[in-house]
Amino acid sequence: MPKFMVSASYTVEGLQGLKKEGASGRAKAVEELVASQGGSVEALYWAFGDHDVVVIAELPDNSSAAAVALSVSASGAATCTTTVLLSAEEVDRAVQARVLYRPPGT
C-alpha cells in the first residue's frame, strides 16, 4: 500500500482544540480519519518548525490521501501538505526505467 507523509500546521482554532482535547485525543482522531479511507497510521509526531504535526500513513491510493488532506484543510483547524513517499525499490525501478527526454535547447 502506498505511503504518504501528511504535514499539518494548526490554525488558532486548531490549537485551541488541541489544548482542549489533548494530543492523544487528536492522535485517535487522525487514526480514525485515516482508517475511514482504508489506511493506517504508521507514525504520528508533533514537531517544531514549519509544521506542527507529521503523519506517516499507508493509504490505498492518491484519492484516499487527497480525501484525508482535504477534510483536514476544509475543517479550518489546520492546513496540510501531502507528500508521496517512495521505497528504495520504487526509486530503483525509476532509475532503471528507459525514458525519452530531450533537455530544452538541445
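Q: How do the residues of the lining of the largest pocket divide into nonpolar, polar and charged?
A: In this predicted model, the lining comprises 18 nonpolar residues, four polar and one charged. Among the 23 lining residues, Ala8, Arg26, Val30, Val72 and Ala78 lie nearest the centre of the pocket; since Ala and Val count as nonpolar and Arg as charged, the one charged residue of the lining is therefore Arg26.

Q: Which element gives the most to the lining of the largest pocket?
A: Helix 2 does, with five residues, in a pocket whose volume is about 380 Å³.

Q: What makes the span of helix 2 close to the expected one?
A: Helix 2 has 14 residues, and the 20 Å from its first C-alpha to its last is set against the 20 Å expected at 1.5 Å a residue. After the helix comes glycine 38, with a positive phi near 85°.

Q: Why are strand 1 and strand 3 said to pair?
A: Pairing requires at least two bridges, and strand 1 (residues 3-10) and strand 3 (residues 53-58) have six, in the antiparallel sense, so they qualify as paired. Within this pairing, lysine 3 has glutamate 58 as its bridge partner. Strand 2 (residues 40-46) also pairs with strand 3 over six bridges in the antiparallel sense, and there leucine 44 stands opposite valine 55.

Q: How do you know that lysine 3 forms a salt bridge with glutamate 42?
A: The closest N and O atoms of lysine 3 and glutamate 42 are 2.1 Å apart, and because the cut-off is within 4 Å, the contact counts as a salt bridge. This pair joins strand 1 to strand 2 across 39 residues of the chain.

Q: What makes the contact between lysine 3 and glutamate 58 a salt bridge?
A: Their N to O distance is 3.6 Å, which also falls within 4 Å, so the pair meets the criterion. Lysine 3 in strand 1 and glutamate 58 in strand 3 are 55 residues apart.

Q: Why is lysine 3 called partly exposed?
A: Its relative accessible area is 28%, and because buried means under 20% and exposed means over 50%, lysine 3 belongs in between. Glutamate 58, at 24%, is partly exposed by the same cut-offs.

Definitions and conventions
Residues are numbered from 1 along each chain as its sequence is written. This is a predicted model: local features need pLDDT of at least 70, side-chain atom pairs count only at pLDDT 80 or more; totals for chains, interfaces and linings use all residues. Side-chain values use heavy atoms; hydrogens and water are left out. Helices (H or I, at least four residues) and strands (E, at least two) are DSSP runs, numbered from the N terminus. The expected span of a helix is 1.5 Å times one less than its number of residues. On a 1 Å grid over the protein atoms alone, a cavity is a set of points where a 1.4 Å probe fits but cannot get out, and a pocket is an open set with protein on both sides within 12 Å along at least five of seven lines; lining residues have an atom within 4 Å of a point. Grid points are joined across faces, edges and corners, and a volume is the space filled by probe spheres set on the points. A salt bridge is a side-chain nitrogen of Lys or Arg within 4 Å of a carboxyl oxygen of Asp or Glu. Buried means under 20% relative accessible area, exposed over 50%, partly exposed in between (1.4 Å probe, protein chains only).
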